[in-house]
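I opened this notebook to record what I looked up, entry by entry. The structure comes next.

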Amino acid sequence: MSVIHVEAPGLFTTVQDLGREGFGPMGVSPSGAADSVSLRVGNRLVGNDEGAAALEMTLLGGSFLFPQGAIVALTGSDFGATVDGSTVECWKPVEISGGQILTLGPTRSGARCYLCVRGGIAVKLFLGSASTHILSGLGGLDGRSLRKGDVLNIGIAETFFRAATLSAKALERLAPRKTLRVTPGPQSDWFPESSQRRFYAGTYLVSEESNRMGLRLEGDPIPTPSGGGEMTTEGASLGAIQIPEGGQPIVLFVEQQTTGGYPKIANVISADLASVGQLRPRDEIRFEKVCWEMARSLLREIEELISG
Amino acid sequence: MPISAPDCVRFQPASDQSLLIYFGQQITFDFHQHVTKLLRLLEREPIAGIRNLHPGYCSLLVVFDGLKLQHDELEVILRENLDRLEDAPLPQPRLMEIPVSYGGECGPDLNDVAEMHGLTAAQAIELHASVVYDVYFLGFVPGFAYLGELPESFATPRLAKPRLRVPPGSVGIAGRQTGVYPFATPGGWRLLGRTPIPMFQPDRSGMSFLSIGDRVRFIPISREQFAEMENA
């Protein structure tokens with residue numbers, strides 16, 4: 001079996017696929033790639049199923065030795081990858097020869113880079129998925145981020161390899177956004193007009209306290225609506241924007257708590273969730289309200305762009 | 001009295017791919033029964049396009065595939081299922097016992113909580129262990145069961161400043177709720193004790209020690225018994 005030796009893990013690198021859905025009744029959130037668009041495209045580029053497991057690197061990439069070689073694709077943000085001193089292009093299938101080391105550095109754009117390998121990363125599945133859920137220490141490689149010296153198995157690719165490509169136009173349309181489009185949250189009516197205006201006019205800074213569970217934002221605080229302290233805990237959706245006491249919004253993300261007790265003013269549309277996965281600490285973001293029909297048509301558009 | 005399919009049900013889009021069904025706004029056993037029945041019905045007879053279900057105290061969040069369904073279409077389907085709730089039988093609840101070592105380093109807030117309510121620590125323990133709780137739902141993190149309800153007189157506010165790390169197995173209270181932290185997580189509930197029983201184990205059948213609808217009793221144990229069980 002082909003393997004990958006982790007020579008350097010990078011800042012925070014985990015095994016991720018498209019996550020495990022359907023376990024909300026046990027309190028298990030799906031987890032999965034923070035930027036699922038990049039994961040899906042990367043897998044297509046190397047001839048995998050869209051949902052094959054890959055490595056998700058965060059802000060600073062690692063170094064990986066491929067003793068038997070592999071076909072890989074780097075997607076998401078540009079982490080300045082090289083092999084033997086030559087630059088490796090992102091968004092393209094690349095062949096790495098046996099014994100070569102792929103080295104990545106600090107990000108030159110967004111928060112996350114995906115290393116997709118032909119055959120996928122083979123780990124023991126937990127509830128049908130390879131995704132790491134860090135908080136509970138489940139899934140992925142022993143439920144944790146990679147360490148120096150880890151050895152990862154590469155899965156067996158089943159289909160004959162045919163290099164896929166992604167058009168420059170599609171890549172441009174899929175580029176991450178800093179203005180996130182949102183639909184109203186289930187408690188948006190609780191917030192008076194003045195709070196709504198403040199939320200949609202404001203610029204928010206992504207805090208250092210952000211992770212795959214949620215992004216904490218800093219900006220003009222949104223007053224807690226009257227009665228907000230007594231909200232009955234209910235199911236929370238991916239991309240929900242909660243307003244806790246203190247008024248600084250929290251965006252629930254892929255490793256989210258499945259339920260929450262803070263009122264939600266808005267929800268990031270599905271088409272823009274991958275953009276959330278590319279936000280770095282100190283990035284400035286804004287929110288733009290769209291109608292349900294727009295949210296649906298943008299979701300369809302993303303699907304069409306990914307499937308080429 | 002049989003529970004009739006509720007007329008008061010309200011649908012609310014939560015995101016472009018999720019819909020909330022509210023049976024009410026308060027924590028009541030009736031609303032909880034409606035949530036459980038609908039959840040069980042949708043688990044038993046899955047509907048194409050529904051991807052996930054997040055139960056709450058008196059609501060159910062239904063996550064769906066936005067390429068296959070729209071809010072109004074899903075609402076029609078769910079209303080048909082609501083009409084059948086009466087026929088949805090619920091299994092006899094299991095009674096689960098959770099041994100707890102109260103106070104000391106296991107329950108760092110026990111004395112404060114007792115004092116808040118004008119009780120001795122022993123009385124507070126007795127009170128917490130005397131109630132048979134219902135599992136209203138699991139949420140927050142894998143295996144975290146929201147248990148209700150504590151007597152009104154024992155309702156206790158959360159910590160003003162949540163702890164950054166609550167040890168796994170910690171038994172906390174907040175408002176009239178109580179629960180056990182399955183993993184080391186941040187948490188604002190006041191901690192009365194700790195159980196040696198793992199609340200979530202991937203290699204155990206069912207994985208989660210508790211499920212929605214279970215009944216739960218806490219059994220006080222000594223520090224020594226805790227240590228023995230933890231090492232067993």
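Predicted model: local features only at pLDDT ≥ 70, side-chain atom pairs only at ≥ 80, totals over all residues.

**Entry 1**

I began with B:Val62. Setting aside neighbours within four places in sequence, I found B:Val62 in contact with B:Ser18, B:Leu19, B:Ile21, B:Ile50, B:Leu53, B:Leu74 and B:Leu78. Contact here means that the C-beta atoms of two residues, placed from the backbone, lie within 7 Å.

Residues are numbered from 1 along each chain as its sequence is written, while chains are lettered from A and ligands numbered from 1 in the order in which they are written.

Which residues have the most contacts inside the largest nonpolar core? They are A:Ala54, A:Val72 and B:Val62, and that core has 145 residues. A nonpolar core is a set of buried Ala, Val, Leu, Ile, Met, Phe, Trp, Tyr and Cys residues joined through C-beta atoms within 7 Å. A residue is buried if 20 or more other C-beta atoms lie within 10 Å of its own, exposed if 12 or fewer, and partly exposed in between; the C-beta atoms are placed from the backbone.

**Entry 2: a sheet in chain A**

I traced an open sheet of five strands in chain A. The order is β2-β3-β10-β5-β8, with antiparallel pairing. β2 (14-16) and β8 (93-96) of chain A stand at the edges with a single partner strand each, so one side of each has no neighbour in the sheet. The twist from one strand to the next averages 35°. Axes for such angles are lines fitted to C-alpha atoms, for helices over the stretch in contact, and angles run from 0 to 180 degrees between N-to-C directions.

Strands (E, at least two residues) and helices (H or I, at least four) are DSSP runs, numbered from the N terminus. Two strands pair if DSSP finds at least two bridges between them.

I then followed β10(A). Strand β3 (residues 54-58) of chain A is joined to β10 (residues 112-117) of chain A by four bridges, running antiparallel. Five bridges pair β10(A) with β5 (residues 70-76) of chain A, also antiparallel. A:Cys113 in β10(A) is the bridge partner of A:Met57. A:Gly76 also stands opposite A:Cys113.

Are the faces of β10(A) covered or open? Both are covered: A:Arg112, A:Tyr114 and A:Cys116 are buried on one side, and A:Cys113, A:Leu115 and A:Val117 on the other.

**Entry 3: domains**

I looked up the domain bounds, which come from an automatic or database assignment. Chain A has domain 1 (3-166) and domain 2 (179-306). Their C-alpha centres lie 27 Å apart. In chain A, 23 residues of domain 1 are in contact with 15 of domain 2. Helix α1 (residues 36-45) of chain A gives the largest share of the domain 1 side, five residues.

Chain B has domain 1 (10-87) and domain 2 (95-231). Their C-alpha centres lie 29 Å apart. The contact takes ten residues from domain 1 of chain B and eight from domain 2 of chain B.

**Entry 4: where the chains meet**

How many residues of chain A are in contact with chain B? I read 34, against 40 residues of chain B. β16 (234-235) and α5 (292-306) of chain A each give two or more residues to the chain A side. α5(A) gives the most, with six residues.
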